Amino acid sequence: MASGENQSSSDNQQRRWHHIRKLLERSGPFCHPDFEPSPEILDFIMDSCKVLIVGAGGLGCELLKDLALMGFKKLHVVDMDTIELSNLNRQFLFRKNDIGLSKAKCAVEFVNKRVPGCEAVAHHCPIQDLDEGFYRQFHIVVCGLDSIVARRWLNGMLMSLLQYNDDRSLDQSSVIPLVDGGTEGFKGNARVILPGMSACIECTLDLYPPQKTFPLCTIANTPRLPEHCIEYVKVIQWAKENPWGNNTALDGDDPQHVAWVFEKAQDRAVKHGISNVTYRLTQGVLKNIIPAVASTNAAIAACCATEVFKLASSCCANMNNYMVMNMADGVYTYTFNAEKRPDCVACSNSTRIVEIEPDATLQMIYDKLCEDPVFMMKSPGITTVINGRNKTLYMSSIKSIEERTRDNLKKKITDLGLYNGVDILVADVTTPNTITIKLKFLENQDVEMAR
Amino acid sequence: MIKLFSLKQQKKDEEGSARAGGSQKKASAAQLRITKDLNELNLPKTCNTEFPDPDDLLNFKLIICPDEGFYRGGRFIFSFKVGPNYPHEPPKVKCETAVYHPNIDLEGNVCLNILREDWKPVLTVNSIVYGLQYLFLEPNPEDPLNKEAADELQSNRRLFEQHVQRANARGYVGSSYFERCLK
């Protein structure tokens with residue numbers, strides 16, 4: 001027996017895992033019917049199961065601590081941010097000396113030192129800098145993000161890793177579950193997403209509250225609230241007066257910018273008889289800050305960590321699939337089944353394959369899309385992404401684009417930069433969404449015969 | 001239910017191995033959605049779009065030439081900037097033509113409810129086009145952005161109409177100068 005296994009099984013014997021083993025080595029009334037209790041499950045959690053934690057902030061610190069204490073060792077943490085003074089009240093893995101350092105690195109260092117056996121790895125970069133190969137290595141991804149854009153990106157990434165069998169059914173081994181937590185003041189939510197199987201971030205996009213905005217005419221002419229005055233300076237006065245020159249964008253993190261907005265907003269407030277424009281409120285409106293509450297983070301992270309544990313072990317059925325929590329008055333939670341949208345841009349979009357001669361022209365693809373009984377499109381708009389840049393190949397609905405892409409129809413697809421296995425994006429009235437089509441080049445017959 | 005534990009036992013470790021052909025950068029959800037919006041754009045005959053770069057579907061201009069109402073004969077250009085959070089957030093729309101209008105100020109800010117507080121992800125570029133076109137047919141003095149113009153529209157429609165025509169043809173209204181924007 002390999003020494004690593006010996007070590008892990010002795011680790012496994014420790015009293016430390018006594019309670020976890022009760023869940024994994026015995027059956028019980030709440031277990032999933034297919035659950036087979038076994039000591040191997042703890043080995044899987046400790047030695048094999050790779051979990052990616054996205055975000056090392058309020059939720060991320062909690063998640064990392066929770067998962068490490070549950071026995072997960074192969075943890076990776078990604079966060080692009082550095083530590084600020086205002087984080088220290090709730091992001092408990094950081095100390096005053098850490099201000100200015102990478103959140104991911106500090107969090108990982110702390111937990112690896114504190115939890116014996118934990119081998120967490122830090123990535124101090126934006127999630128967009130890591131590629132498919134990176135994300136594919138994980139069994140589960142859990143995220144505590146404060147941005148919808150980042151959630152949507154991550155969701156799109158996990159969708160793009162899905163693989164389908166020849167009969168177009170989903171290959172379950174390509175599914176990387178996503179556990180998503182979010183908090184806002186005393187409110188929070190946690191959810192489990194099985195990409196391609198259950199509702200994804202994009203399916204429920206309209207559940208996110210819209211950014212708080214005020215009608216432009218109110219802030220311009222009839223301000224009533226201190227927020228109206230600040231919004232006015234942000235939306236109208238900043239662009240008009242261009243105080244830093246060169247159309248410098250307003251940066252809510254730049255104290256000088258905030259001070260300028262604060263001063264102007266105060267002037268405006270005085271003019272309209274409005275009180276209570278403060279520096280803090282200015283910061284709040286500019287950055288859309290809602291005070292973070294440590295206990296909300298702890299509760300939501302605990303819930304997410306439990307779901308990760310259930311996914312990894314199958315010891316219990318997962319939450320189905322969206323839990324909201326409100327702790328403003330007592331504690332209230334409600335769990336419901338968010339439904340998968342059949343027309344979701346992200347998860348209903350299983351790539352289709354079209355076979356084509358390598359020397360075909362774009363016109364031939366266009367005709368195929370219109371004539372092939374599988375598609376029967378009316379006026380497909382075709383775009384692609386080449387070397388990370390979007391490229392419009394042909395779009396007939398917009399006159400100016402049609403005129404400038406018309407010549408592409410006559411060109412060979414290889415001359416347009418398309419290659420075997422490239423994805424093209426096709427939008428048409430006949431499909432609820434833009435669909436992805438993978439071009440598969442047919443082998444040249446002549447070459448075949450010459451061999 | 002997905003049995004991750006048993007599934008992943010069979011899964012080979014592919015750590016860090018991006019397979020060939022799998023490295024094409026994926027289009028974002030915002031990109032997919034705007035492509036769909038634009039392919040289905042159904043412009044009224046008074047409107048037209050211009051794309052400075054046909055590969056960049058996120059930045060374009062809309063030109064409206066109203067054929068009735070106060071603004072008939074004018075040519076008004078709007079810039080659209082679609083952000084990465086579309087359609088959770090609306091596109092940023094500015095009017096690039098100086099216009100004497102109750103709901104458009106001289107910096108080009110446009111007061112249209114669906115561009116801000118009433119935006120919903122189900123709305124499309126087409127909805128905004130119709131909203132903007134409507135502003136020219138029925139300027140709304142109740143929600144003024146250019147207060148002077150709004151007050152005038154309410155108190156003296158004839159004078160307002162004259163001022164709109166003067167502004168469109170090039171000239172001063174009050175202390176504000178307007179470039180010619182007639183077709």
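**Helix 2 of chain B and the contact with chain A**

User: What do the buried residues of helix 2 of chain B pack against?

Analyst: In chain A, they pack against helix 7 (148–160), strand 10 (381–386), strand 11 (389–394) and strand 12 (423–427). In chain B, they pack against strand 2 (59–64) and helix 3 (125–137). Contact here means heavy atoms within 4.5 Å. This is a predicted model, in which local features need pLDDT of at least 70 and side-chain atom pairs count only at pLDDT 80 or more, while totals for chains, interfaces and linings use all residues. Residues are numbered from 1 along each chain as its sequence is written, chains are lettered from A and ligands numbered from 1 in the order in which they are written, and side-chain values use heavy atoms, without hydrogens and water.

User: What makes helix 2 of chain B mostly covered?

Analyst: Buried means under 20% relative accessible area (1.4 Å probe, protein chains only), exposed over 50%, and partly exposed in between. In helix 2 of chain B, 11 of 11 residues are buried. Charged side chains are among them, including B:Arg33, B:Lys36 and B:Asp37. For chain B, buried residues make up 51% of the 183 residues.

User: Which element of chain B gives the most to the side that touches chain A?

Analyst: Chain B has five helices and six strands, which are DSSP runs (H or I, at least four residues, for helices; E, at least two, for strands) numbered from the N terminus. The contact takes 56 residues from chain B and 80 residues from chain A. Across it, the rule finds 18 residue pairs in polar contact (both at pLDDT 80 or more); such a contact is a pair of N or O atoms within 3.5 Å, one able to donate a hydrogen and the other to accept it, and residues adjacent in sequence count only if both atoms are side-chain atoms. Helix 1 (4–10), helix 2 (29–39) and strand 1 (47–50) of chain B each give two or more residues to this side. Helix 2 gives the most, with eight residues. By residue kind, the side divides into 24 nonpolar, 12 polar and 20 charged.

User: Why is the pair A:Lys240 and B:Glu107 called a salt bridge?

Analyst: The term requires a side-chain nitrogen of Lys or Arg within 4 Å of a carboxyl oxygen of Asp or Glu. Here the N to O distance is 3.9 Å, so the pair meets the rule. The rule finds three salt bridges across the interface of chain B and chain A.

User: How much area is buried between chain B and chain A?

Analyst: About 6,000 Å², of which carbon and sulfur atoms give 56%. Buried area is the accessible area (1.4 Å probe) that two parts lose on being put together, summed over both.
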